[in-house]
Amino acid sequence: MKIRATKTPLLEWTGDGLVIGLFEDSVELAGDLVTLDEKFAGSIKELIAEEEFKGKQGSSVVTRVGTATPVRKVVVVGLGKKEALTLETLRKAAASAARLAKKQKCKTVGVSLPIWNDDAEQTAQALAEGVELALYQDNRFKSEPEDKGPQVEQVDLLGLGEQEAAITRAHQISSGVILARQLVAAPANSVTPITMAETATAIASEHNLHVEILEREECEKLGMGAFLGVAQASDLPPKFIHLTYKPEGTPKRKLAIVGKGLTFDSGGLNIKGAGSGIETMKIDMGGAAATLGAAKAIGQLKPDVEVHFISAVTENMISGHAMHPGDILTASNGKTIEVNNTDAEGRLTLADALVFTTKLGVDAIVDLATLTGACIIALGDDIGGLFSPDDALASELQKAAEIAGEKIWRLPMEEKYFEGLKSGIADMKNTGPRAGGSITAALFLKQFVKETPWAHLDIAGPVWADKENGYNGVGATGFGVRTLVSWVLNN
């Protein structure tokens, strides 16, 4: 599929499907749309009346406009309130229109939507992202693709002029999102610690990043007892991944992204029981997937920022070698941890990954992880939790997420809740009381970061979608990639 921006006016475009947008507070046709409707013998006005189209965000209708016209079908998408128009509104509108155009067997599609804030470049990028991510299909594990009909071959973004750089940027970012989706969606017998390391090596080779893969013996020498404690029951070797992107010249900042990388989580000896969703635990490496997806995008975008991408990757399994509830592990900063629940393993792997990262001399660290069910209870399936003791870094991430169109919400780090993690025989336990579980998890991670500004993103909810939402289909969403990329590019 080719996406291009063009100066071609709305009234002059020819092709299979033409997309127009209407605001909720003004569904009456005006300007060029009046002329277009006359050209189509009143079909658009008739469609609006017959379908009682109100222009609400997320709504869409389609009609055939005849064989004698240069356009076969018209798709009308709702944009919501005019004063509330955002780049995310346009992203979702383009996604909805692209899906509907494909369903209507349109090979060529013209998209005529408002320009956000008079910024044609950002508008073009948002529209291209929406289209590409909405039309992505993952058929890797099917003997035959279910959809054998015509595919969308070309999308023209009308009235935006030449925006080749913006569309290229959209494709580069989308490629990172799609990689993250592929990693999260793949089963645990396909994506393993070994294949994750191979993926990191491929990214380094393709986009000129430096890669370092630490094996078990090297992790032992670094004292990574928390990470290796989780890994000790698996037949597959753990892999500690460290990718580095360095720009030409002196970087304006040095940043690090750390992702939780549990390619499968059985719960360990605290095994996940009936109704626990154990069959979905292939998604427990969603943080690492977003980290590698961001690495792929950053390697193509080439900002003047040095970025380290880190993940301690393993499985959490059961065997005669498994860590027991009650075991004490020693992390690489010397902190001792009483394991009172082997199913709270992600924070153990992140502990050693964070200690490693603090020694790199970076200006800020962001970790992201499918860490707690408590965060889903607090924020639902669509919103990630943001935890940080650093107001400036938290603000940077909130702005980055807003630009990217991903929802995060800052939650408190109530220090007195750390009382629930205190152990009688070690420095801390790995879990606290049920109440405030996502907060105590963040407080646990904080013990492994020194002075470096740090933030934690709990993405347990939005990493997976049970129903289609905007440009996300059912399944892996690639959540976090666009926020991370936006953070690196804009700070």
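This is a short talk on side-chain contacts in a predicted model.

Okay, some ground rules. Numbering starts from 1 along each chain as its sequence is written, and side-chain values use heavy atoms, with hydrogens and water left out. Since the model is predicted, local features need pLDDT of at least 70 and side-chain atom pairs count only at pLDDT 80 or more, while totals for chains, interfaces and linings use all residues.

Let's start with salt bridges, meaning a side-chain nitrogen of Lys or Arg within 4 Å of a carboxyl oxygen of Asp or Glu. The structure has 16 of them. One of these joins arginine 91 to glutamate 129, at 2.8 Å from N to O. Arginine 91 sits in helix α3 (residues 87-103) and glutamate 129 in helix α4 (residues 120-135), so this bridge ties together parts that are 38 residues apart in sequence. Helices here are DSSP runs of H or I with at least four residues, strands are E runs of at least two, and both are numbered from the N terminus.

Are those two partners buried or exposed? Arginine 91 is buried at 4% relative accessibility, and glutamate 129 is buried at 3%. For the cut-offs, buried is under 20% relative accessible area, exposed is over 50%, and partly exposed is in between, with a 1.4 Å probe and protein chains only. Glu88 also belongs to this story, as salt bridges link Glu88, Arg91 and Glu129 in a network.

Now compare lysine 422 and glutamate 419, which meet in a salt bridge at 3.0 Å, N to O. There, lysine 422 is partly exposed at 45% and glutamate 419 is exposed at 51%.

Which charged residue is buried yet has no salt bridge? That's glutamate 338, with lysine 429, the nearest side chain of opposite charge, 6.1 Å away. Lys and Arg count as positive here, Asp and Glu as negative, and His and the chain ends aren't counted. Glutamate 338 lies in strand β13 (residues 336-338), and its side chain makes a polar contact with the side chain of serine 423 at 2.6 Å. By polar contact I mean N or O atoms within 3.5 Å; within protein, one must be able to donate a hydrogen and the other to accept it, and residues adjacent in sequence count only if both atoms are side-chain atoms.

Last topic, rings. There are three aromatic pairs, where rings of Phe, Tyr and Trp (its six-membered ring) have centres within 6.5 Å; planes under 30 degrees apart are stacked, over 60 edge-to-face, the rest tilted. Phenylalanine 227 and phenylalanine 240 pair edge-to-face, at 6.2 Å and 65°.
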